[in-house]
There are 6 protein chains.
Amino acid sequence: MFYHVKELQYHAKPERPDPLFAKKLQEVLGGQFGEISVALQYLFQGWSVRGNGKYKDLLMDTGAEELAHIEMLATMIARLLDGAPVGDLETAAKDPIIGAILGGMNPQHVIVSGLGAMPADSVGNRWTADYIIASGNLLADFRANLNAESQGRLQVVRLYEETNDRGVKDMLSWLIARDTMHQNQWIAAIKELEAKENVVVPSTFPRELEKQEVSYTLFNFSKGNQSAQGRWAHGPSMDGLGQFNYVENPVPLAKKPVLRPAPPYIHDTPPAVLKDTQGLVPPNMK
Amino acid sequence: MFYHVKELQYHAKPERPDPLFAKKLQEVLGGQFGEISVALQYLFQGWSVRGNGKYKDLLMDTGAEELAHIEMLATMIARLLDGAPVGDLETAAKDPIIGAILGGMNPQHVIVSGLGAMPADSVGNRWTADYIIASGNLLADFRANLNAESQGRLQVVRLYEETNDRGVKDMLSWLIARDTMHQNQWIAAIKELEAKENVVVPSTFPRELEKQEVSYTLFNFSKGNQSAQGRWAHGPSMDGLGQFNYVENPVPLAKKPVLRPAPPYIHDTPPAVLKDTQGLVPPNMK
Amino acid sequence: MFYHVKELQYHAKPERPDPLFAKKLQEVLGGQFGEISVALQYLFQGWSVRGNGKYKDLLMDTGAEELAHIEMLATMIARLLDGAPVGDLETAAKDPIIGAILGGMNPQHVIVSGLGAMPADSVGNRWTADYIIASGNLLADFRANLNAESQGRLQVVRLYEETNDRGVKDMLSWLIARDTMHQNQWIAAIKELEAKENVVVPSTFPRELEKQEVSYTLFNFSKGNQSAQGRWAHGPSMDGLGQFNYVENPVPLAKKPVLRPAPPYIHDTPPAVLKDTQGLVPPNMK
Amino acid sequence: MFYHVKELQYHAKPERPDPLFAKKLQEVLGGQFGEISVALQYLFQGWSVRGNGKYKDLLMDTGAEELAHIEMLATMIARLLDGAPVGDLETAAKDPIIGAILGGMNPQHVIVSGLGAMPADSVGNRWTADYIIASGNLLADFRANLNAESQGRLQVVRLYEETNDRGVKDMLSWLIARDTMHQNQWIAAIKELEAKENVVVPSTFPRELEKQEVSYTLFNFSKGNQSAQGRWAHGPSMDGLGQFNYVENPVPLAKKPVLRPAPPYIHDTPPAVLKDTQGLVPPNMK
Amino acid sequence: MFYHVKELQYHAKPERPDPLFAKKLQEVLGGQFGEISVALQYLFQGWSVRGNGKYKDLLMDTGAEELAHIEMLATMIARLLDGAPVGDLETAAKDPIIGAILGGMNPQHVIVSGLGAMPADSVGNRWTADYIIASGNLLADFRANLNAESQGRLQVVRLYEETNDRGVKDMLSWLIARDTMHQNQWIAAIKELEAKENVVVPSTFPRELEKQEVSYTLFNFSKGNQSAQGRWAHGPSMDGLGQFNYVENPVPLAKKPVLRPAPPYIHDTPPAVLKDTQGLVPPNMK
Amino acid sequence: MFYHVKELQYHAKPERPDPLFAKKLQEVLGGQFGEISVALQYLFQGWSVRGNGKYKDLLMDTGAEELAHIEMLATMIARLLDGAPVGDLETAAKDPIIGAILGGMNPQHVIVSGLGAMPADSVGNRWTADYIIASGNLLADFRANLNAESQGRLQVVRLYEETNDRGVKDMLSWLIARDTMHQNQWIAAIKELEAKENVVVPSTFPRELEKQEVSYTLFNFSKGNQSAQGRWAHGPSMDGLGQFNYVENPVPLAKKPVLRPAPPYIHDTPPAVLKDTQGLVPPNMK
């Protein structure tokens, strides 16, 4: 169960409106690695943990914090949109700055949301749960979380570089610090689980049931062998259970598949027509 | 540039048709962590690497291999669909097994693809590039890749548990082994980059520009403090640059936001109407 | 800012597992009118209110409660999935009940979420922010909310009819009661705003700027005039500003549009080719 | 069955081309509350009415009219795009107005549609049936319709404020008037159904089966009690069947959920690993 | 402008309900090549024709007819859903037929639409305008139409094979006949345009501006040369302007791309780190 | 199985960066008819061919080539983004050209992809498998392919008109030539299959089972009879099996549908309420 307090976790006040930046800032609110994504990802992971304990608690802690970040960003975006200009080409023609705003801002910030933040990214794609991950396997999911915080911090840093507004920079520097923590915490949790299980997810599948002859092989499918220089191509594997090896010229291990004809009720191309096309290559083409 | 050979990388032949399993197997072909996702993710990452060298080569090697896995799964699914039965409720009523197939299989495997594999997941959602990640920052992206291979291997293992068909199990045991390698290789690459940069992505943002006072703080937003037990709550941070700390009762650091009224041309609720609602709490409610 | 407590707002415990019902119950968690939709809809509306006061507070209260409902449903679904069977057609063939489960359950509940709830609806469509509405105009948005609670309660009632499990019914009867309240509360808020503004949204657009001659006209575009019997076809309009009227045989008021040819750099069908097709109807076709 | 006449319901002719406004105008053609949405929403509702009569007729009348509105908007957009300029950065650099158009217009209006309207919104999201609602329950659906016309009229009014073109304003003033009518008509229909049934949807669920103790309770989940001032917090409920009440400090009514471990074939985090994390809070953290 | 008549274009009455078939039939209502797709595709193409004449008229004629087909299918689906059973696993366990229906039918047909048709395909994906095509170039678009009618007729034929219901078959045989006509009509229109322009779209791009040396070349990128047997590999090209030729072993024509480093404000992997990876292949790997 | 070589099929080097054009060029990489679409469409069709032979080989050849085109476009876009400027409104205000770039470029090219190409179209919609077609019936699918190459070439030609950069034009002229070939090759393949089967897809459905009385009829549903002038309205049908005919005033062939009431457990509008609305038209309305 959740309680809300009206105060913000941290300040979210720009020096001045900037509808163009409002549009960009949507990315870290409603984009693939925005705050909606991490909030719902952590909560869904937490609700699915079978058993309780510190991992579940950590997920719920962090999920609840991310809800506060959505709120900060929604507030900041609304303020960046304060008094945004409206107009058509005639208006745009009169003043290049107004023109740049009218052409560059997200038109839905006027028409749809009435100067409010939207659950969408910086090009207007609505947020989708396609972005989130919750498998029930904590090691897998903490890796998803570490990735999310890595991509998220990277995006916030890029946005920090794109603005001169001290109020915006102040809020972003908060979010960047929190992402520093969140990367650190997921790394800590991952290390702990890797120590208890092993580095390969899932750790519970019997090794003898996989084709172990290719469990540590790098196939060089991209001509040129710079990839042979990597740690992944020689020496003991990272899970400590094998030796990396490198196959410079990989070959197929199974023959050409031939599929059986479809039954008549499927109305695919009739087998007679297809068969007709399987003759020999005409001599003049060789 | 790409060349195709008609032979398969590995066998993809079931013992017998099973349209229900064909539907499930779609998950690792066209789902969030299916082979289309990893193939295009690695290729897009590779094409975006600014500079060449072993990381780019590794991405292209692995991307090209994943294309071969799409092909194996497409072939397997087509064979699992061989001669799939068709019919309506009347047909279903005659034979419970036929009925289970008719109710449980993906109807698009007959109507849309004519007994072929589809670029879709196990419930029929079409594949979308929402699933893939390529940021230009290799450490961030290799974490995405490690996650993808972790989720992917987990899903293949679950599918392995769901079938009794030796041909299917044989192919899955190949894919499981390859995912073992791919997890190992991304771990190796991540370790190398972490050693060169640092564990926090991006490593190039000046530390003094982030709000360092909260860079290593766990806020306990979920009542109860089991999360205090974790490594993430005390001791040196994983990046070696700070000390984790735990705030049991986090409080807001900014006050309630009050947004300015919208300009008249937005036609939001008129300010007069809103103001009207901000009176005191009636005495009888206290 | 949000705080989470680990206890549930209300019980979420089924009498027994039922993976088929788990799939159906996803509808009111992650469907168009599921709890994710109302939670995020109310929160986004609240964050966008320009001014504070009771409406904003009401939105935040209800949004926070809906987060608790997501949690209850996620918990219930995980329990309905407890120990869900796995298997292929061979397994299905042995026991019709197992077969029905294997064919009818959501395969992603095993493969993807590992027996956890998903942010998706009952057919597996991932939740999308396409479902939510926040315009900045409270009267418009409260109507969206009343609709959401009406559709939502209807769906929960239908699910109530589809189960015999007393634990599930108990939880659903809680959700139904809350939806009763939420319909009542939005009706109360709507009535208040309608009294202050008028029933037509937005109330601030000058009436003389709309084409008032058709502001209260029902055009009978569907042959047959049963629609003439409605209150909407005669008598004073609901906004008290006009008289409804009924046009039995509506006619177009503008002539056939003719679009100018595209410029050559568009490479549409060349005007010469199009012109050629605009001759008279050949005599023998009349 | 439908017949088409080539004449438009109303004029759709701008004074001059304006590709920036063409992009914005797409919102009310192919956006969430655009004309495609209402047309298909009313038609699907009409086709699903079980029984005939005036409500079905009203739905078909209005649905058919909305098809005419799609046509008017498609025509207007094509005309606003007449002779739209093309070019790259070099072209843009020569003339700020051309530059503003090239940067601000929808590039698909040239590349994809060849200066035609698209079934998409103002940021280019393609229309999706996620936007529409048809439940079979007319009171629920008429509320959806009233919301759609409220949001729709609001958006058209905002667009009206964004243009100086008299031809565009003329057409928009027609659409605004029609939305006035449509809001009025759905209000009339809603009032009639509410009088026959009750205000809570669905009206047919036995009251004794819902948890009536919370059917009229406002839970104050958002700290601060401005929401206590509302009509929704005291007095008789809007359905006339209860009394509103306000719970200032709501508490959870069920205990912490503990989910059972997943079966081994799911390969979640092994129970032993999870159990390990559930120890007591270390003394120094208390 | 459109008029609706309440009578159906053709009969849409099944012999008996069949909720499983109702689910399948959704494919040709709301799927990629369902009636919504063709209706909106033809109408959007028609509205975008720049100039009037017979092609525009043909598009509007056919678009309007497809609206009538949506209506027939919506009616048929509602009837196939008449009195559909509801229940949970307990209910399913009692009767294998009921169980098959409960597992196999679309749960949204009960929960969401209340036994009505939905704007969705046979697996529940909501219809999207991603499916439709309107480019302004009629030859291109008529090819899209011919494809749509080919795919559509194929799907209806497959559905015809899946049912024993004479009422359903009767309606499908009408739709199949109409698709016969629509394929014929688009072929006729295509032939006419090809005769006036040429077979390559667009016909207006100057030939000398394309790289004519590869305008008629088949590159054999898939090892094995069965493709050399085709008409496309030798003889005059279909547009009469060149000679087909076959390149058995195609080679790249440009060298390896090397991208410049990203500027620092992008925070990609630092160039120093990347450079580090571009050394020579270690001797032992050669 | 696939092999990659690092060299490009053809040059992909612009004269100078142009982030606005980079955004537009995304259309033919990740849009509806971009290279991802054709690559995956041809590969999926190829993998589903039941039988081998020249058609399958042709599909794999062309699919593999399209992968090379994705690579060329990804490279070109990365180069057009070289050193793209970043900044906010303040930056934009200083220099109109920078302002035009900041407003007009895709913000995700900085924030998300770090100056790399994205699997998205020119307005930022992520690529989706909704775009691709593979039915198992080769005649149907080759028509889809001919359409894809027609739309694709049209889009590339329009982009060619939008740039002055000789490097970009050089690459586009290569893609235009390849699309010339691909249109030619699918036409050749279609002609061959039409000669072996017939022009109507599928060719295997018995003619006597369709309603032959309407197999060659054009219904004039759009008032005005310009469509009567077409070849499709008179003379022998294109399949050689009938005579086209034209129905100037088509009438419905089935009566008004009346659906049965929903069962009570659906909680639709109660039949009593609906029945109430089916009275006679009030005398004063006639």
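1. Ground rules. Residues are numbered from 1 along each chain as its sequence is written, and chains are lettered from A and ligands numbered from 1 in the order in which they are written. As the model is predicted, local features need pLDDT of at least 70 and side-chain atom pairs count only at pLDDT 80 or more, while totals for chains, interfaces and linings use all residues.

2. Chain A against chain B. Each of the two chains puts 98 residues into this contact (two residues are in contact if their C-beta atoms, placed from the backbone, lie within 7 Å). On the chain A side, α4 (54-80), α8 (138-161), α9 (166-196) and β2 (217-219) each supply at least two residues. Helices (H or I, at least four residues) and strands (E, at least two) are DSSP runs, numbered from the N terminus. The top contributor on the side of chain A that touches chain B is α9(A), with 14 residues. That side divides into 48 nonpolar, 29 polar and 21 charged residues. Here Ala, Val, Leu, Ile, Met, Phe, Trp, Tyr, Cys and Pro count as nonpolar, Asp, Glu, Lys and Arg as charged, and the others, Gly among them, as polar.

3. Chain B against chain C. Chain B gives 47 residues and chain C gives 46 residues. On the chain B side, α1 (19-30), α5 (96-104), α7 (138-161) and α9 (271-275) each supply at least two. By class, the side of chain B that touches chain C has 19 nonpolar, 15 polar and 13 charged residues.

4. Symmetry. Chain B superposes on chain C by a rotation of 120° with 0.0 Å of shift along its axis (RMSD 0.0 Å).

5. Helix α6 (residues 96-104) of chain A packs on helix α5 (residues 96-104) of chain D at an angle of about 15°, with axes 8 Å apart. This makes α6(A) roughly parallel to α5(D) (angles under 35 degrees). From α6(A), the contact includes Pro96(A), Leu102(A) and Gly104(A). From α5(D) come Pro96(D), Ala100(D), Gly103(D) and Gly104(D). The contact of α6(A) with α5(D) has five nonpolar, five polar and no charged residues.

6. Domains. Chain A has domain 1 (19-196) and domain 2 (207-247), with bounds from an automatic or database domain assignment. The C-alpha centres of these two domains of chain A are 37 Å apart.

How values were computed. Copies are superposed by least squares on the C-alpha atoms of residues with pLDDT of at least 70 in both. Axes are lines fitted to C-alpha atoms, for helices over the stretch in contact, and angles run from 0 to 180 degrees between N-to-C directions. Angles under 35 degrees count as roughly parallel, over 145 as roughly antiparallel, 65 to 115 as roughly perpendicular and the rest as oblique.
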